[in-house]
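Here's a quick briefing to read alongside the model. Have the viewer open and follow along.

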Amino acid sequence: MMSLGAIFFYIISAFILLMGILAVTTRKIFRSAIYLLGSLIGIAGLYFWPEVEFIAAVQIVVYVGGIVVLIIFSIFLTQQSGKEMPRTNLSRNIFSLLGVIAGFLLSCSLIHQYGFEAGSQPFDNAVSRIGLYMLNTGKDGFALPFEAVSILLLAALIGCIVIAMKSVPTKSTK
Amino acid sequence: MTEIPISHMLFVSTALFFIGMYGFFTRRNMITMLMAIELMLNSVNINFVIFNKYLYPDKMDGIFFTIFVITIAAAEAAVAIAIIINLYRSHQSIDVEEADNLKN
């Protein structure tokens with residue numbers, strides 16, 4: 001008899017995989033974005049399930065609130081969202097399906113052979129502990145990657161503005 | 001909570017990764033390809049969190065890798081969408097087959 005937690009895990013997993021499959025196979029692009037949204041919310045649920053709450057919150061804020069909205073914006077800017085996308089040709093479909101299934105079976109057999117054993121220690125991931133590690137400059141600290149990522153974000157921000165800026169037609173001075 | 005073997009959680013993330021890969025191979029529209037990449041990045045994040053929680057509960061590395069992957073995925077999506085919009089402005093299309101200026 002499975003416990004309630006285990007049943008929840010399998011329900012969330014089935015939801016994530018179903019939404020993922022629909023997101024990559026549906027031919028209407030806006031529906032694809034909505035299915036992606038469902039899959040990302042399911043993944044946030046999968047983080048809540050083993051009590052990793054901070055990552056779940058970050059997942060909801062950044063992916064559901066940020067990236068999906070950005071994607072939907074760009075769909076509205078570039079597509080007629082009701083129109084169906086053209087069908088992919090059959091040979092490419094078959095070969096990618098074969099490759100993907102082969103890769104999946106290979107990875108599953110590797111995971112099965114290795115047989116990971118769960119430890120029984122409790123996992124303390126309070127937000128205060130995450131914050132201490134993030135700004136710690138000692139041996140286990142993550143202060144350097146934190147700074148590197150902040151510079152990367154700044155560079156990406158400026159880069160986005162420069163790329164998407166409408167270029168003003170300049171008069172040639174010659 | 002530990003009655004579910006870790007391998008089942010890893011099967012879920014593997015399946016999600018290969019679903020994303022299938023989407024990346026078959027789609028020809030840049031926005032849907034970007035969505036497939038997001039699915040793949042998310043499956044990797046699930047792996048990091050599960051490994052950190054169940055195999056190395058005294059460390060925090062998996063949590064931090066997840067945070068950094070999410071951050072970089074956000075930056076990547078923003079830059080990709082800026083490029084897509086710029087491409088749409090010059091080609092009136094975001095199909096990857098039509099963006100072949102460097103080829104000829």
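What follows covers the ground rules, each chain, a few residues and the interface.

This is a predicted model, where local features need pLDDT of at least 70, side-chain atom pairs count only at pLDDT 80 or more, and totals for chains, interfaces and linings use all residues. Residues are numbered from 1 along each chain as its sequence is written, while chains are lettered from A and ligands numbered from 1 in the order in which they are written.

**Confidence in chain A**

- Chain A has a mean pLDDT of 86, with 94% of its residues at 70 or more; pLDDT is the predictor's confidence in each residue, on a scale from 0 to 100.
- Within chain A, helix α2 (residues 29–48) has the highest confidence, at 92, and helix α5 (residues 127–134) has the lowest, at a mean of 86.

**Chain A as a whole**

- Six helices and zero strands make up the element count of chain A, and the order from the N terminus is α-α-α-α-α-α. Helices (H or I, at least four residues) and strands (E, at least two) are DSSP runs, numbered from the N terminus.
- The radius of gyration of chain A is 22 Å, well over the 16 Å that the globule rule gives for 174 residues, so chain A is more spread out than a compact globule. That radius is taken over C-alpha atoms, and the rule is 2.2 Å times the number of residues to the power 0.38.
- Along its principal axes, the C-alpha trace of chain A spans about 75 × 50 × 30 Å.
- Of the 174 residues in chain A, 20% count as buried. Buried means 20 or more other C-beta atoms within 10 Å of the residue's own, exposed means 12 or fewer, and partly exposed is in between, with C-beta atoms placed from the backbone.
- For contacts in chain A with a separation of 6 or more, 49% come from residues 24 or more positions apart. A contact here is two residues whose C-beta atoms, placed from the backbone, lie within 7 Å.
- Two domains are assigned in chain A, domain 1 (1–81) and domain 2 (126–165), with bounds that come from an automatic or database domain assignment. Taken over C-alpha atoms, the centres of domain 1 and domain 2 of chain A are 25 Å apart.

- E51(A) sits in the loop between α2 and α3 (53–78) of chain A. E51(A) is not a glycine, yet its phi is positive, about 60 degrees.
- For background, most residues other than glycine have a negative phi.
- E51(A) is exposed, since it has 12 other C-beta atoms within 10 Å.
- I67(A) is part of helix α3 of chain A, and it counts as buried because it has 24 C-beta neighbours inside 10 Å.
- Leaving out residues up to four places away in sequence, I67(A) touches V62(A) in its own chain, plus E38(B), A74(B) and A77(B).
- I67(A) and V100(A) are 33 residues apart along the chain, and their C-alpha atoms are separated by 26 Å.

**Chain B as a whole**

- Chain B has three helices and zero strands, running α-α-α from the N terminus.
- Chain B has a radius of gyration of 18 Å, whereas a compact globule of 104 residues would have one near 13 Å. Its C-alpha trace spans about 55 × 25 × 20 Å along the principal axes.
- In chain B, 51% of the 104 residues count as buried.
- Of the chain B contacts between residues at least 6 apart in sequence, 46% join residues at least 24 apart.

- α2(B) has 25 residues and reaches 37 Å from first C-alpha to last, close to the 36 Å expected at 1.5 Å a residue. The expected span is 1.5 Å times one less than the number of residues.
- α2(B) is largely enclosed by the rest of the structure, because 20 of its 25 residues are buried.
- F51(B) lies in this helix, α2 of chain B, and counts as partly exposed, with 18 C-beta neighbours inside 10 Å.
- Not counting residues up to four places away in sequence, F51(B) touches Y56(B) and G62(B).
- F51(B) and I63(B) are twelve residues apart in sequence and 9.6 Å apart in space, C-alpha to C-alpha.

**Where the chains meet**

- In the interface, 58 residues of chain B are in contact with 67 residues of chain A.
- On the chain B side, α1 (6–26), α2 (30–54) and α3 (61–91) each supply at least two of the residues that touch chain A. The largest share, 20 residues, comes from α3(B).
- That side of chain B divides into 42 nonpolar, eleven polar and five charged residues. Nonpolar covers Ala, Val, Leu, Ile, Met, Phe, Trp, Tyr, Cys and Pro, charged covers Asp, Glu, Lys and Arg, and the others, Gly among them, are polar.
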